[in-house]
Amino acid sequence: MAESTPFTPDFPESTRVIAIRHGETAWNAEMRMQGQLDIPLNDVGLRQAQRVGAALADEHIDAIHSSDLARALQTAEPLAQRLGLPIGLEPGLRERCFGVFQGLTFDEVKARWPDESRRWRQREPDFAPEGAESLRVFAARAVAAAALIAAAHAGQTVVIVTHGGVLDSLYRAAARVGLQSSRSWLLANAGINRLLYTQQGFTLVGWADTGHLDDATLDDAGEATPPVSDRMGYAA
C-alpha cells in the first residue's frame, strides 16, 4: 500500500491541496505512453488549461507547484498568470518513468513484450520494464514529493499540477488503497482533485471535478472530442 510520508515537525493546521492532472496531449489521444518524455499540450489541452485557470481564479491559493515536464507546466501557467503567483518546479512530481515502454502505444507494448505487458496490467509492485521505475518505487517517490510540498504550506492552500500516475498514487495514499487494487476512480485530464494533508498523511475531500471542462473539448466542427480510453491504468 502506498502511504503518505509524514512531516516530522509538529504543526496543527492542515494543508488544503488542489491536485490537477495536466491537460490533454496528442499522445494521450493516441494512447501513447509518455512517461517522462517531454510532450507538450495539444490544442484541446491548452483550452483545458485555460479553463482550469478560470475555474480556480477566485479561490484563495497561496502557492502553485508543478512537475517540470512541459505538459504540466503549460497547464499551471494560466492559473499562475491570473493569480500573479510563481510556479515552483518539482521534478519529484514527474510521471513514472516507463523505460523502454515510453513512446509506444499500449498495443505496441503488448505485441513486443506480451509477458511484460501482462505483469504491467496486473500492477506487480516490484516489476519494472527495462530502464523504468517499479510501481512501488514510483508511488513512494510521488507521494513523498507531494507530502513535502504540502508540509511546507501548513494552514494554506496549494495547487499541485502533475500527472495521472502521481494522482493515482495520491488517491491510493489518501484512501488507503493498495497498489495492486483495481482502480475505480477517474484520472481526468485537467480535472480538479482536492485533498487535505496533516501529519497523519493525505485524506480525500473531492475527486475528478470536470464541470469546468463541459464544453472545453469542442473541436473546430463543434463536436465533442471523444474521451481518451484507459486500457492500461491511465494514459500518462
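What percentage of the 236 residues in the protein is buried? In this predicted model, buried residues make up 51% of the chain. The protein exposes about 10300 Å², of which carbon and sulfur atoms supply 50%.

The protein contains 7 helices and 6 strands, and these elements follow the order β-α-α-β-α-β-α-α-α-β-α-β-β from the N terminus. Among contacts with a separation of 6 or more, 73% are between residues 24 or more positions apart.

In soluble globular proteins, nonpolar side chains tend to be buried together. The largest nonpolar core here comprises 32 residues, and those with the most contacts inside it are Val17, Leu93, Leu170, Leu195, Tyr197, Phe202 and Trp207. At least two residues of this core come from each of strands S1 (15-21), S4 (157-162), S5 (192-198) and S6 (201-209) and helices H6 (135-151) and H7 (164-175). Helix H6 gives the most, with 11 residues. Beyond its neighbours within four places in sequence, Val17 contacts Ala150, Val158, Ile160, Asn193, Arg194, Leu195, Tyr197 and Phe202. Another core, of 15 residues, lies apart from the 32-residue core; Ile20, Val52, Ala72 and Leu213 are among its members.

Helices H2 (residues 43-56) and H3 (residues 70-83) pack at an angle of about 35°, with their axes 8 Å apart. Their crossing is right-handed. On the H2 side, the contact involves Leu46, Ala49, Gln50, Gly53, Ala54 and Leu56, which meet Gln74, Thr75, Pro78, Leu79 and Arg82 of H3. By class, the residues of this contact are 6 nonpolar, 4 polar and 1 charged.

Note on methods
Residues are numbered from 1 along each chain as its sequence is written. This is a predicted model: local features need pLDDT of at least 70, side-chain atom pairs count only at pLDDT 80 or more; totals for chains, interfaces and linings use all residues. Side-chain values use heavy atoms; hydrogens and water are left out. Axes are lines fitted to C-alpha atoms, for helices over the stretch in contact, and angles run from 0 to 180 degrees between N-to-C directions. Helices (H or I, at least four residues) and strands (E, at least two) are DSSP runs, numbered from the N terminus. A crossing is left-handed if the near helix is turned anticlockwise from the far one by less than a right angle, and right-handed if clockwise. Contact means heavy atoms within 4.5 Å. Ala, Val, Leu, Ile, Met, Phe, Trp, Tyr, Cys and Pro count as nonpolar, Asp, Glu, Lys and Arg as charged, and the others, Gly among them, as polar. Buried means under 20% relative accessible area, exposed over 50%, partly exposed in between (1.4 Å probe, protein chains only). Accessible areas come from the Shrake-Rupley method with a 1.4 Å probe; for residues, only the protein chains shown count as cover. A nonpolar core is a set of buried Ala, Val, Leu, Ile, Met, Phe, Trp, Tyr and Cys residues joined through side-chain atoms within 4.5 Å.
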